[in-house]
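Here are some friendly notes to read alongside the model. Take the points one at a time, and find each residue in the viewer as you go.

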Amino acid sequence: MNRCVSAITRSLLLFAWLLGIIAAGTAALAQQSAVPFVNQPLTPTSIAPGHAAFTLTVSGTGFASNAVVNWNGSARTTTFVSSSLLQATITAADIAQPLTASITVTNPSAADGISNVVYFMVSQPASAVAFARFDTRVSLPAEDYVSAFAVADFNNDGKLDLAIAHGASAIEVLLGNGDGTFQPPISTTFNIGDINSGQNCGGINSLVVGNFNGDNNLDLAFGYACSFIFADGGYDALFVALGTGDGRFILAGTGANAGEPLLVGDFNADGELDLITATPVGDDDWFSNEYLGRGAGTFGGKTGLDSTLAFGIPAAGDFNHDGNLDLAVPDLEDDESFVDVNFGDGHGSFRKPVVYTLPFGVSGHYSAGTAAVGDLNRDGNLDIVSGSLSILLGDGGGNFINGSGFPLAPSAGNIQLADFNNDNNLDVVLMTNSQYEDLQFATLLLGNGDGTFQNPQYWNAPIYAGSLIVGDFDGDGMLDLLTVGSNTVGSAVISLFRRTALSISPAYLNFQNVQIGSTATLTSTLTNIGQGTESIQSIGLENAKGYFTETNDCGATLAPGASCTVTVTFFATSPYSAVASVSVAYTGALGSPQSILLAGSVNY
């Protein structure tokens, strides 16, 4: 071989080697994609059982070109439209029977590649929504209480499970049976103890679900409360409990990071889930931090978020259509409520927030409330719900204007968005309080699809219930609500609000500031929103103590679509407030008996 040919050969080999290096580098870059994030609502949000095959449109952020839409964890034929839009083929067999499907998106090249869950209902549209509350007592050791809880499918059987934290460092998982009941708890106790000398640590105070190590088993991030023995103040040590797929967990990390986890998302688009946390500063204020995921359930790269002065639970979404996840963080200062909109740069950092004052805020300095994000008016742009209840409508460029909100109890919170009546409009559910001690309510406002909402409906919740979680726990294709609190004798209870055919509206009659010596009258309507006739067994007062009387025009039966009226009179004979209830017993529909809660206050 002559020198010329040899030189050419060497050059070609060198060129091929360089091409290989470039190709390898390009392939390495191509292998890395973000953990996808799915917006609400889906299009459509529901469909009737027995419908023909249809196309489901999924919007969100960070969809890779090979992203796959999953139906209850099973991949469906997916068309990539853009990094924020996918279309999936849902077969007739998928929707033959009533059910609620968990919709997720997978980016195969992301380490923690499965998105958040959005529910799709296979059931008939409903003109009205009604819940009946079912309580299940939780057996805990003496002096223990439920300090945090979370819902997810921890054993991958397609049924929602419940995880509760209690005591110094125990997590119990109650596996769901799919019919509204749960199996006996599976307990995991972590040997954490004091993190460092000079500190007193103990108690899990938050639970956030995510797949932090990419093994397709859901994990938990939690804050572990610590206080300083020889100084004022304290902090939350951040831990991750890695799920083993059977309701048990293995502790990861050492608690070196501080913060109470609030939200998960891939904010630097590296395929690993990150955490937004809250950390106390001083006695009353909190600030938010971001911890970037490093894989295998570990976190680092702490970044502080500007301007957040109170503990509020944020929400994520791409507000300005730049492909990066942004944050809506509830904020509170001098009893005035705000939402701080933090725009992400896609690398894990956020710009200085744009602050929006909420017309209907929250009260108290412990919590700034919650935020929820979804397209409320179907214009293709994400909106924000926060406060109690304030609506911020987005224009797609990152700007927001005040929408038509609804003034609820000033301590309202834990806002969730979902379509409860299958009309393809997002509804709002949240926990609200009253001015009366121990009265809390699961509160639903049905959406009109234009950013406005109908009047709220209330259902009595257990005492000290901090939050509501949405899901189909009984497998009927309709969304339920779940919370954990205490009953009237102080025992911990799981309260499941299941759908029922007997609607009582309102289920809370509040006689406010009635002049002493006078009376006031309010009414509640019983409506059969089901398909069969309901038999009314009895309607009567409980714990009235002479402050209330009740009459009704309800007969022995209530036909489909029929209504009757319960009339209650409050007698302001004492300067003290009074609380009682009307019990409605019936047969046929779920949840008998239901109650109409009564409260009366006197102006004197």
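Which backbone nitrogen lies 2.9 Å from a polar atom of the side chain of Ser337? Keep that in mind for point 1, and remember throughout that this is a predicted model.

1. **Ser337 and its surroundings.** The backbone nitrogen is that of Val362, 2.9 Å from a polar atom of the Ser337 side chain. Ser337 belongs to strand E26, which covers residues 336–342. Its relative accessibility is 3%, so Ser337 counts as buried, the cut-off being under 20%. Leaving aside residues up to four places away in sequence, Ser337 touches Asp331, Leu332, Tyr356, Thr357, Leu358, Gly361 and Val362.

2. **An enclosed strand.** Next, look at strand E3, residues 54–61. Of its 8 residues, 6 are buried, so the strand is largely enclosed by the rest of the structure. E3 pairs with strand E1 (residues 37–38) in the antiparallel sense, over 2 bridges, and here Val38 stands opposite Gly60. E3 also runs antiparallel to strand E7 (residues 85–90), joined to it by 6 bridges.

3. E5 pairs with strand E4 (residues 68–71) in the antiparallel sense over 3 bridges. Within that pairing, Val69 has Arg76 as its bridge partner in E5.

4. **The second largest pocket.** This pocket has a volume of about 750 Å³ and a lining of 27 residues. Nearest its centre lie Arg133, Asn460, Ala461, Thr488 and Leu597. Strands E10 (131–137), E35 (457–461), E46 (578–587) and E47 (594–603) are the elements that give two or more residues to the lining. E10 has the largest share, with 4 residues. Sorted by class, the lining holds 14 nonpolar, 9 polar and 4 charged residues.

5. **A closer look at Leu597.** Beyond residues up to four places away in sequence, its contacts include Leu439, Phe441, Asn460 and Tyr508. The C-alpha atoms of Leu597 and Trp459 are separated by 8.6 Å, although the two residues are 138 residues apart along the chain.

6. **Two cis peptide bonds.** The peptide bond from Gln40 to Pro41 is cis, with omega near 0°, and Pro41 is placed in the loop between E1 and E2. The bond from Ser592 to Pro593 is also cis, with omega near -5°. Pro593 lies in the loop between E46 and E47.

7. **Positive phi angles in loops.** Ala269 is not a glycine, yet its phi is positive, about 55°. Look for Ala269 in the loop between strands E19 (260–265) and E20 (274–281); at 33% relative accessibility, it counts as partly exposed. Arg378 has a positive phi near 60° and lies in the loop between strands E28 (369–374) and E29 (383–386). Its 34% relative accessibility makes Arg378 partly exposed.

Methods:
Residues numbered from 1 in each chain as written. Predicted model: local features only at pLDDT ≥ 70, side-chain atom pairs only at ≥ 80, totals over all residues. Heavy atoms only, no water. Buried < 20%, exposed > 50% of the residue type's maximum accessible area, 1.4 Å probe, protein only. Pairing = 2+ DSSP bridges. 1 Å grid on protein atoms, 1.4 Å probe; cavity = no way out; pocket = protein on both sides within 12 Å on 5 of 7 lines; lining within 4 Å. Points joined across faces, edges and corners; volume = space filled by probe spheres on them. Nonpolar A, V, L, I, M, F, W, Y, C, P; charged D, E, K, R; others polar. Polar contact = N/O pair within 3.5 Å; in protein donor to acceptor, adjacent residues only side chain to side chain. Contact = heavy atoms within 4.5 Å.
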